[in-house]
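Colleague: Could you take me through how salt bridges are read in a model like this one, starting with the general idea and then turning to the case at hand?

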Amino acid sequence: MKIARTVFIFLACLTSLMACEDGPDKLDVGDISEELSISYVGKLDSWQTIEFEEIQTRVFTYEFDVIPNDNNINAVVGLSSSVDVTDYESLSIILKFDESGIIESYNGDVEDHHAEVKYYSGQQYHVRMEVDVFEKIYTISVTDSHLNTFIVARDYTFRQKSANLKAMTLYAEGTNLEKSVTHSVFNIVLTSHSQTSELSFVHQGAVTMVEGAYRQISLKALDPLEGSVSIEVGDLPEYASFEDLGGGEGLLTFQPRQQCDHCDIGTEIIKFYGRTDGSASSLDIMVEVTEPNIQLADVADTEVMFGEFAKEPASPNPSLIDTQIIIGGGVSWLDPENDIYDLTGVFPFEIPDMQPGERFTFAALNMFVKDISPWAVQDYDLYGLPYRTSEFVLGKDYYQGTYDGDPNATALQQRFAYEKTEKDASIFTSSEGGQAVMDYLNAQLDAGAQPGDFVFFRVSVSVDDAPTFGRVILWSADQASKAPRLLYDIN
């Protein structure tokens with residue numbers, strides 16, 4: 001079934017891309033509309049699609065009256081680019097009579113409302129959808145039976161980023177409904193203000209990230225007339241790459257470098273081109289790379305010795321030299337005469353100020369090497385320990401064993417340093433290690449950690465890779481200019 005239109009909006013002009021009064025890309029059709037007296041009903045667990053007579057590609061309004069047939073239903077009126085909708089993800093615009101008794105909409109993938117409007121069974125509501133298909137935004141106003149008008153959605157973005165809209169969809173679901181007919185839609189008025197043949201892009205807008213971070217974004221060029229589309233990219237900065245996935249889709253990868261003296265910090269403009277047989281469009285994406293936030297290790301960082309210090313959880317071991325953290329061990333680690341040399345380094349970091357719901361979106365650990373034993377084949381592995389409310393290192397934090405063999409710790413990076421790490425080096429977690437650090441930090445938040453609590457990173461020798469005794473000396477937090485650093489970003 002199709003929703004009738006009063007005019008065809010010079011469809012021949014659109015499809016042939018001939019010159020029109022307002023140019024080939026935008027056709028102004030005025031405010032021409034027609035009211036339909038047909039009524040459609042939403043039914044429980046039934047997707048119904050009512051096709052427009054003509055697809056909409058630019059600016060139009062869609063108005064109708066709707067009556068919910070029950071309270072606290074879960075019933076939808078949506079607009080889509082498909083005439084065969086079977087899921088919410090296919091809907092670009094959604095008006096929902098929610099189970100909570102509130103009229104909801106969707107801003108992208110997030111169910112939301114601008115103004116809170118309660119609905120009641122049997123009452124009539126007038127709905128006006130103002131739609132810009134090219135920009136993929138819409139506003140919904142609802143007028144109740146007392147003629148009060150509320151804005152339910154204001155400049156919300158499409159859920160399904162479509163280049164055209166061609167149908168209305170009705171659906172309802174739920175287990176608490178007593179009536180199979182859930183809502184009625186009638187007095188439908190579709191008013192087309194303009195159409196376009198110009199390609200549009202689906203993307204996330206400007207990109208801001210910190211150096212060292214890794215991010216991928218998808219890009220898609222859409223033809224409102226549903227032709228074949230190709231995509232090209234202009235010059236890219238050194239830290240970016242682009243993969244053409246075909247069909248007008250591509251994947252853009254960013255990884256600004258950490259260890260190049262801030263060489264990638266700044267703003268770049270990346271230009272993309274979408275092409276089809278009759279149209280071409282371009283898109284500029286601004287990419288800004290900034291310095292990350294920095295949290296220094298707490299001065300409570302220290303070594304933990306093998307032996308009594310490892311067996312007594314209440315007794316942290318004071319550092320042998322305040323400015324240094326010595327980490328070492330090897331084949332002699334069971335020899336009591338060499339206990340003093342079997343050392344694990346533990347580094348507390350205070351969780352920074354964060355708003356409720358914020359998460360770490362980037363993290364990396366940076367430490368500075370004072371000295372290392374180049375003759376000893378050693379892996380110095382990185383771990384995360386469960387958060388605590390105080391900064392003190394405990395004897396039970398000690399470990400020298402197989403990588404990922406400690407059930408009380410999170411393995412973050414094998415070979416954070418090793419015998420070929422240079423003296424005076426500045427060492428960072430790898431890309432995978434940084435991701436593991438970020439996941440560990442967010443896991444601590446999920447476990448209840450709050451700003452002001454402490455997380456602990458441990459560096460220890462993997463005895464399986466230590467055929468002889470060796471050590472690495474890292475600068476501690478007492479050496480402020482070379483203190484261990486947590487680089488991070490939150491959102």
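Modeller: Side chains of opposite charge can pair when their charged atoms come close. Here R58 forms a salt bridge with D132 (a side-chain nitrogen of Lys or Arg within 4 Å of a carboxyl oxygen of Asp or Glu), and the closest N and O atoms are 3.9 Å apart. R58 sits in the loop between β5 (48-56) and β6 (59-68), whereas D132 belongs to strand β11 (residues 125-132), so the pair ties together parts that are 74 residues apart in sequence; strands are DSSP runs of E, at least two residues, numbered from the N terminus. This is a predicted model, in which local features need pLDDT of at least 70 and side-chain atom pairs count only at pLDDT 80 or more, while totals for chains, interfaces and linings use all residues. Residues are numbered from 1 along each chain as its sequence is written, and side-chain values use heavy atoms, with hydrogens and water left out.

Colleague: Is R58 buried or exposed?

Modeller: R58 is buried, with a relative accessible area of 18%, and D132 is buried at 15%; buried means under 20%, exposed over 50% and partly exposed in between, with a 1.4 Å probe and protein chains only.

Colleague: Which residue forms a salt bridge with K271?

Modeller: K271 pairs with D284, the closest N and O atoms being 2.7 Å apart, and this links strand β22 with strand β23 (residues 280-290), the two residues being 13 apart. K271 is partly exposed at 28%, and D284 is partly exposed at 44%.

Colleague: How many salt bridges does the rule give?

Modeller: The count comes to 17 salt bridges, and E63, R128 and E130 are linked in a network of them.

Methods. Helices (H or I, at least four residues) and strands (E, at least two) are DSSP runs, numbered from the N terminus.
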